[in-house]
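Please consider the sequence and the three-dimensional structure shown below.

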Amino acid sequence: MCHPIRTFIEEQFLIEFGDDFPEDTDLFRSGVMDSFGYVRLCRFLEQTYQFKFTEEEMTSNILVSLTRMEQFVAKKVSRGVAASG
């Protein structure tokens, strides 16, 4: 199964998720991602999943780990499908 968010994070930030680095690791606290990386990640998510972040979403702590990102994107995409359907 393709995991575009995981692949993006691993390639951009030169990490590998696994037993030593679980998917629920806070990427900011672990020093993996900074504010510039966060902006790149948000742009990637918007382009890949065809949605826009609200200002509140951008400034809240919803995208700190791969697990939380995947949950957020799934909800955001399902809301978009429901709104357009």
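Threonine 7 belongs to helix α1, where helices are DSSP runs of H or I with at least four residues, strands are runs of E with at least two, and both are numbered from the N terminus. With a relative accessibility of 35%, threonine 7 is classed as partly exposed; the class lies between buried, under 20% relative accessible area, and exposed, over 50%, for a 1.4 Å probe and protein chains only. Between threonine 7 and phenylalanine 51 there are 44 residues in sequence and 19 Å in space, C-alpha to C-alpha.

The model is a predicted one, in which local features need pLDDT of at least 70 and side-chain atom pairs count only at pLDDT 80 or more, while totals for chains, interfaces and linings use all residues. Residues are numbered from 1 along each chain as its sequence is written, and side-chain values use heavy atoms, with hydrogens and water left out.

Four helices and zero strands make up the secondary structure of the protein, and the order from the N terminus is α-α-α-α. The radius of gyration is 13 Å, close to the 12 Å given by the globule rule for 85 residues, so the protein is as compact as a globular protein of that length. This radius is taken over C-alpha atoms, and the rule is 2.2 Å times the number of residues to the power 0.38. The C-alpha trace spans about 40 × 30 × 20 Å along its principal axes.

Of the 85 residues, 35% are buried. Contact means heavy atoms within 4.5 Å; among contacts between residues at least 6 apart in sequence, 49% join residues at least 24 apart. The accessible surface is about 5800 Å², and 52% of it belongs to carbon and sulfur atoms. Such areas come from the Shrake-Rupley method with a 1.4 Å probe, and for residues only the protein chains shown count as cover.

What lies in the interior? The largest nonpolar core holds 22 residues, and Ile9, Leu27, Leu45, Leu63 and Met69 have the most contacts inside it. A nonpolar core is a set of buried Ala, Val, Leu, Ile, Met, Phe, Trp, Tyr and Cys residues joined through side-chain atoms within 4.5 Å. Two or more residues of this core come from each of α1 (4–13), α2 (35–49) and α4 (66–84), and α2 gives the most, with five residues.

Methionine 69 illustrates these contacts: leaving out residues up to four places away in sequence, its partners include Ile5, Ile9, Leu27, Met33 and Leu63. Methionine 33 itself is located in the loop between α1 and α2, and it is buried, with a relative accessible area of 4%. Beyond four places in sequence, methionine 33 is in contact with Phe13, Leu27, Phe28, Tyr38, Leu41, Leu63 and Met69. By C-alpha positions, methionine 33 is 22 Å from alanine 74, which is 41 residues away in sequence.

Most residues other than glycine have a negative phi. Leucine 14, in the loop between α1 and α2, has a positive phi near 55°. Glutamine 50, in the loop between α2 and α3 (55–59), likewise has a positive phi, of about 55°. Leucine 14 is exposed at a relative accessible area of 75%, and glutamine 50 is exposed at 66%.
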